[in-house]
Amino acid sequence: MTIRKDYPRQITVMRDVFIPLKDGTRLAAQIWLPVDADKDPVPAILEYLPYRKRDGTSERDAVTHPYYAGFGYAGVRVDIRGTGDSEGILYDEYSKQEQDDGLEVIAWLAKQKWCSGAVGMIGISWGGFNGLQIAARRPKALKAVVTLCSTDDRYADDIHAMGGTLLVDKVSWGATMFSILTTPPDPALVGDKWRQMWLDRMGDHALWLLDWHEHLRRDSFFEHGSVCENYRAIKCPVYAVGGWADGYSNAVFRLLKGLKVPRKGLVGPWAHKYPHFAKPGPQIGFLQETLRWWDKWLKGIETGIMDEPMLRVWMQDPVPPRRYYETRPGRWVAEDVWPSKRIKPKRMAFGHGTLGGKAGKGVLSISSPETVGQTAGRFCPYGLEPDLPDDQRIEAGGSLVFDSPVLEEDAEMLGAAIVQLEVSADKPNAKVVAVLSEVLPDGAVTRVSYGVLNLTHRNGHAAPEAIRPGEVMRVTVRLNETAHRFAKGNRIRMALSTAYWPIIWPSPETATLSVHLDRSRLEIPARPSRPEDKELAPFLPRESSPPLRQTVLRDGYSHWSIEQDFATGVMDHKRDTDDGERRIEEIDWTVGSRSRRSNAINPHDPLSARSSYWNEKTYKRGDLSLRIVTGVDMCAELEHFVIEGRLEAYEGEREVIRREWKKKVPRDYV
Amino acid sequence: MTVRATFPFEVETIDPYWIVLSDGTRIATTVWRPVTDEPVPVVCEMIPYRRRDGTVLRDLDMHPWTAGHGIAVARIDIRGSGDSDGVLLDEYLPQEQQDAVEIIAHFAAAPWSNGNIGMAGISWGGFNALQVAALRPPALKAIITLCSTDDRYADDIHYMGGALLTEDVIWSNFMLALNALPPDPQIVGGRWREMWRQRLAVDRSWSENWLEHPERDAYWRQGSVGEDFAAIEAAVLAVGGWDDSYSNAIPRLLAGLSAPSKGIIGPWTHTYPCRGSPGPNIGYLQEALRWWRHWLLGQDTGIMSEPKLRAWIGDSERPAPFYDTHKGSWVAEEEWPSPRIGTHLRFLNSRVLAAAPETGATMSVCSPATAGTDCGRWGGYGGTSPDMPIDQRREDGLALTFDSEPLADDLILLGAPVLAIEASVDRPSATVVARLCDVFPDGTSVLVTSGVLDLRYRQGREAAHACPVDVPIHFEIRLNDVGRRIPRGHRLRLALATAHWHMLWPDPELVTLSLAPGRSRLSLPIRPPHSGDSHIRFEPVETAPPAPVSVLVPATERRIVEDDVGTGLRKIVLTTDYGTVRFDDRAIETSAFARDSFTMLHHAPLSACIESEYGLALVSGEADIASRAVSILRYEGNTLLLQWRLEVREAGVLLHQAAGRRQVVRHRYEEHQTGSPKPDEGR
């Protein structure tokens, strides 16, 4: 990484900006901009998040926003209402209030003396979501959006659900937001009212999980904020970026297909991080790439970016299975438009253990141990820790496995593989999991993609219905989009299972699925070679602005383990992490955090599943010492989910608050 | 189960009963003697596990019962153990056998004895009963050998198929701790310190020696009665269980012995058939009594007109880490080997087992070094220890599997399946593990039996021969004997893997095994249904009243496997805290603690490490002694490095320390320079 110190324009930062809203609420902002912006106004690039600009995202903000400022933009980080140093309460993710506030923020930015009147939005994850959501509200000043690792469909591709199943990471996410929402503003910025603001934040509204579980099917809760409901609402150009190792890359493809505005898509090998520092590498000069986008759409400077292919992706090469990759080998390839007519489905029949040969006769059954999925990694990996899928071999015995013959030549795919199944189940509720892998010559198996379907959602995610045991259902399982080269000498494997812990929550009872072989098949989106790929201009080497100045006071660690007790059979996926403690020198503010996670299940009992989280956050300056401890547990009964939450907060040694929550919610076919 | 407190004979317990050997050594014994004017036979059990405080529970369950039925029982502390003089330098030494010959003569000459002596024992005591019988002491008329072996190399705790069992170091570590305990001052008086000092002076890890003998050499032939079955003239009743690791010896003994012999193989682990889990238990004491009455009292109990072998045929059961009881039924064979048992041949085709060979593309497997974790523990001590194999599906994914069609009829296996394989390996040192599984219609995979072969011993166990690399070789793997019914609708699965951790010490490099379909075959010993089987009955369990024991600290067990996701390090930790008990009738308190950990990186067999810890404590009279032994086995380069240390404390104060270190070449280094480095070893 090249740290850039010299810029065309000299940079300054405003740390204590408060943006007044019509209802009197003030949102806190930090703005990096050229020192001469008043004289030579610049476009603003807004990143609008609940993750605390002051200490939450300050590390990554430091390597991003000053860079934009140096090239003649104002990098603007705003704390969403009720978070960081902003006033008010945040009641849920992606609320209409958040968008309304965003519209006001954009209007406010556009009329600042230092602003040219043009505003862009950039963001990853939450900030990628609300970039799209606010674009759909069409604020006049918003001229372009860069959305990374986000979704256009909050039910199809977010941390709540996948194929109508409940993602275990949803509980993790709820616990994480619970731990963030209960943190205080910085007294140095907001003054004496900080304590009351903090107390106000620690109310019932902070444990969003309780309400989320009221929405387990695709209802209006999920339609709200899903821009796929009306792509035409978006009128400004959109650059959608994602990574194959991330949980959100499907949206890039749907956006390219659905949007009518000028648009581009980029998918690298990355997990849930910005591409100039994401793992697995290779990273790219993402700031330079986005400057070409901003120059084009916010400044009207022709950079040629729109003359390039609409979609560029990293075609991944085969690799041995690993929980962590420094880089993934591969190459950049492109498609002029998406969907691409060049890509056609290659159909592969299921035989008795074979794939791509003659279709088998009859039925094969599968009832997986509930621990199948132990090597699946996480729904949304961050790539910095060992959270990617491991060797899939150990799952084979608990799955129905179909292997192709050894490939006689390379085969490339780009897009979503699809499994068509005629299947029956012996229980009213069952899941099917389809894992596409590559079998290496030594027997190691690397996951390429996967998809899941809650069979009660076979006729749509809005209206689940119980399975009639024994009835043959025709269903489609759509796997996550990917670009992969299956290499000559390897095999393609499709593995079907009924469980995928700790990715998805299991059905109430262990089901047996019976797959009718000759009416089922796999379709792989086969991509023919494209000679022009060789001429694709390379991305520039990665650059950033200088890192945040901070002092580490306590080193962190992260320990991931899978522990199984031979006596009980219970398998526990554990993570014990200390993010350490560090002092941010510019504001003399010391923050620390620690967390523990446990996702345990017994292979023979789906009702044994339990997901537990514990988070601790600390904030210190001088005599001030604040500590917030939050905990979340979720387990399930036959008919209900049971969610529990705990909160304790301390000022010095004094307990400020102690609260507990418990709620039972019907499972609603999950 | 019936606990019987009154017997046909009143029982006199003599403890200590001293036997002075010709070299002056005093051997401590407990004798349970029927009170009668008639001379009685004597059955000897001679083991190193401390009769006063080690085996007292099972001794009191069993021996007074036998004495109450007219057979005296002598429970003897081997020289150097318990309260006996001298030192114990290794297992099954000629000295031990010679001592037994003298002891047998002693009892034969005792005025209250009828001159007919038996020997009986489980495990060590089963081994030495056979070994002593092979020396033909004239008074020894019959033995009962349980959970033992006739071949110390093939079927004991050290090696299996030429591969090194990890239990070797664990067992030696236990003996290291045990041999550091003193005799009981309540029995030997003031001499206890001097006797103890002699023991401590020689207490070393026996594994130092065992690792020096990786081949089936003279060391292992000594004490292996299979070398000359004809040497045994005493009648032999061989007893074992399928869940134990010693049942292979029973069919071999029945086939090999020329002396009268009978065999019983039940569903049990490494325990007497009247005790422990899994059941069903049988009235072993009654059965043994019939044996003794026939051979030692000349009474006709009918036992010799009964079938040669009675064996348990286990039903198909879902996998569990331990079983209270097994489902199944008893069958009998008039002869062994039995002409009734036929052979089914199945060929290893492309991922399927079939009656006719079919060719196809070459198949390969390179198991991670940690494959085998779900296969249970060698030795299967049963009871409530969760050491049995669990669902094999994860293991099947790490192996090359061959599935049969669903069975059209029940299939009954009795005997040893044998695999004849043509395959190549890409390393000069390679081990192949063959597992035969019963696959339920829902996919659950249950281990039926398994066998292993260190391919360097494919031409015989006497000498290692490096495998030629990437050249087809032929070898045979004999799976462990088994009695099992596989039901109609289930499939048979044969799984081949190249690693078996934590049961076998790993080869130094990951190995890829390649084989062409249709060129290897599996012979299954098939027993047709037989109408006579339903007559087989055993008496219900009876025992004498249990020893008076107070549990001061209850026992606990943990069996944990932990994968560090970041490094790929697997750590298996087996902990048993046996707690603390007080034997109220003799004012002795004992405690014991065992912790065995097995660590290895999934892809780096050279990272393998076993650390075994055993702690024992004894409070009796003025003795307040605790011993703690730790043994560590790992690779150092291509050599095996054993390190051990012993700490002995008196009343908490460190009194004695010893340590040792032995480096052994197991895989000759030059063997491993032929192979090119493998991609992606380690992370």
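Helix H10 (residues 284-296) of chain B has 13 residues, which at 1.5 Å a residue should span 18 Å, and its end C-alpha atoms are 17 Å apart, which agrees. The expected span here is 1.5 Å times one less than the number of residues. Helices (H or I, at least four residues) and strands (E, at least two) are DSSP runs numbered from the N terminus.

This is a predicted model, in which local features need pLDDT of at least 70 and side-chain atom pairs count only at pLDDT 80 or more, while totals for chains, interfaces and linings use all residues. Residues are numbered from 1 along each chain as its sequence is written, and chains are lettered from A and ligands numbered from 1 in the order in which they are written.

Let's stay with H10(B) for a moment. Of its 13 residues, 10 are buried, meaning that 20 or more other C-beta atoms, placed from the backbone, lie within 10 Å of the residue's own. Among them are Trp291(B), Trp292(B) and Trp295(B). The cover includes strand S4 (40-47) and helix H1 (56-68) of chain B. After H10(B) comes Gly298(B), with a positive phi near 70°.

Glu333(B) is buried, because 24 other C-beta atoms lie within 10 Å. Leaving out residues up to four places away in sequence, Glu333(B) touches Pro307(B), Lys308(B), Leu309(B), Ser338(B) and Arg340(B); such a contact needs C-beta atoms, placed from the backbone, within 7 Å.

Chain B also holds an open sheet of 4 strands in the order S17-S24-S20-S21, with antiparallel pairing. Its edge strands are S17 (400-403) and S21 (445-454) of chain B. Strands count as paired if DSSP finds at least two bridges between them.

Where do the two chains meet? The contact takes 32 residues from chain B and 29 residues from chain A. On the side of chain B that touches chain A, S29(B) gives the most, with 7 residues.

| Strand pair | Bridges | Residues facing each other |
|---|---|---|
| S28 (residues 557-565) of chain A and S29(B) | 5 bridges | Gln564(A) and Val561(B) |
| S20 (residues 431-439) and S24 (residues 491-497) of chain B | 7 bridges | Asp438(B) and Leu492(B) |

Methods. Contact = placed C-beta atoms within 7 Å. Buried ≥ 20, exposed ≤ 12 C-beta atoms within 10 Å, placed from the backbone.
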